[in-house]
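This report describes one protein chain, beginning with the chain as a whole and then turning to selected residues. Please keep the sequence and the structure in view while reading.

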Amino acid sequence: MSGSRPPIPAEMKRELRREAHYGCVCCGNPIIEYHHIKDWCIVKEHTIDNLVVLCPSCHYRATVKELTPERILRMKKEPYNSKLKTVSENFFINQHGETSLLIGSVRINNANIILRVNNDSAISLSKDIDGYTLLNLKIYDEHHKLVAQVKDNEWCANVSDQIWDITFSKGILDIRCSARKLWLKIPTNNSEIKIDGKTYTDKHEILFDSKNGIKIKYDDHEVYIKDSKITFNGIPNDCPVIQIGKTMFNTGAVFYYD
C-alpha cells in the first residue's frame, strides 16, 4: 500500500468552505488551502474536526506554529467571515485596449453597457487609467435580493442559504446555487472575459451559458440570443446591448425586451 497522503474528499472540502463562510477563518481571504490542526503525520486521516480553511499566508504561519492549534480551533468555531456575512476579493483582467466579452455564446466587442434592467446597469465594462478592462455586474435571486456583485473587478458575495458553494482558485471565480447550477462563473486567468450564470429581475429570469447563449424567461415566454458576435463602433456609451424594461436613458439597444 502506498504511503502517500490521499486527497481530501471534495464534499469534505465543500463542507469546510461552508463552515468557514468561504474564506480563511483567520483573515477571510477566499484564496484558501486546507490545514490539518493536528499534523497529518500524527493522525493519518482527514476529518472535519481536524481540518480548517486557511489562506496561504495563514497556512504557513500555522505550519510553523506561529498560529497555535488552540488559536486555530477558536477561529474555526468563529471564522472571520461569519462576522461579515460576505466574502470578497479582487481579480485582475489582463485585457488591454479594446474590450471583448463572451457572455454565454454571445461575443460582444467594444461595448460599455452589456445588460441594463430598467435604469440599472446589470453588466458593464469600463477601463482603468492604464487601459485595462474593469468589469461591473450584479446578480440577483428570484426575490430580487443581491447574491453577488463585481465593482471594478472586486467581487463580493453575500453568504446566505442561496449559496451552495464559492470557490476562487486558479483564476476562476465560481459561485453555485447547487452542484450543477451556477449563480456566476468568471475565469480571469487569460485575456478573454467570459461570464456564465444567471440573474433575476422583478419579472424575468436571465440565463447565460455556452449552450443556450443568453436566455430571457418571463412566465411561459422565452427569448434566446445565441451564437452571435456584436461589435460597437461609434455608439454612445449609454447605449446598451440588451435593454430589459423601460428606461429614462438612451433606448437605442441592440436587443430590447419589456
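## The chain as a whole

Of the 258 residues of the protein chain, 47% count as buried, where buried means under 20% relative accessible area, exposed means over 50%, and partly exposed lies in between (1.4 Å probe, protein chains only). The model is predicted, and for that reason local features need pLDDT of at least 70 and side-chain atom pairs count only at pLDDT 80 or more, while totals for chains, interfaces and linings use all residues. Residues are numbered from 1 along each chain as its sequence is written, and side-chain values use heavy atoms, with hydrogens and water left out.

The secondary structure comes to 5 helices and 20 strands; helices (H or I, at least four residues) and strands (E, at least two) are DSSP runs, numbered from the N terminus. Along the principal axes, the C-alpha atoms fill a box of roughly 65 × 45 × 40 Å. Among contacts with a separation of 6 or more, 51% involve residues 24 or more positions apart; a contact means heavy atoms within 4.5 Å.

## Phenylalanine 168 and its surroundings

Phenylalanine 168 belongs to strand S11, which covers residues 165–169. It counts as buried because its relative accessibility is 11%. Neighbours within four places in sequence set aside, phenylalanine 168 is in contact with Pro30, Ile31, Glu89, Asn90, Phe91, Trp155 and Leu173. Asparagine 29 is 139 residues away from phenylalanine 168 along the chain, yet the C-alpha atoms of these two residues are separated by 9.8 Å.

## Two aromatic pairs

How many aromatic pairs does the structure hold? There are 2. Rings of Phe, Tyr and Trp (its six-membered ring) pair if their centres lie within 6.5 Å; planes under 30 degrees apart count as stacked, over 60 as edge-to-face and the rest as tilted.

Since tryptophan 183 lies in strand S13 (residues 182–187) and tyrosine 200 in strand S14 (residues 193–200), the pair ties together parts that are 17 residues apart in sequence. Tryptophan 183 is buried, because its relative accessible area is 2%, and tyrosine 200 counts as buried at 15% relative accessibility. Lysine 198 lies over the face of tryptophan 183, at 5.0 Å from the ring centre; a charge sits over a ring if NZ of Lys or CZ of Arg is within 6 Å of the ring centre and within 35 degrees of the ring normal.

## The largest pocket

The lining divides into 3 nonpolar, 2 polar and 7 charged residues. Here Ala, Val, Leu, Ile, Met, Phe, Trp, Tyr, Cys and Pro count as nonpolar, Asp, Glu, Lys and Arg as charged, and the others, Gly among them, as polar.

The buried residues of helix H1 (residues 10–19) are Met12, Arg14, Leu16 and Arg17. They pack against strand S1 (33–36), strand S2 (51–54), helix H4 (69–77) and S11. Just after H1, histidine 21 takes a positive phi of about 60 degrees.

Lysine 85, in the loop between helix H5 (80–84) and strand S3 (86–90), has a positive phi of about 65 degrees although it is not a glycine. Lysine 85 is partly exposed because its relative accessible area is 47%. Lysine 38 lies in the loop between S1 and helix H2 (40–43) and is exposed, with a relative accessible area of 56%.
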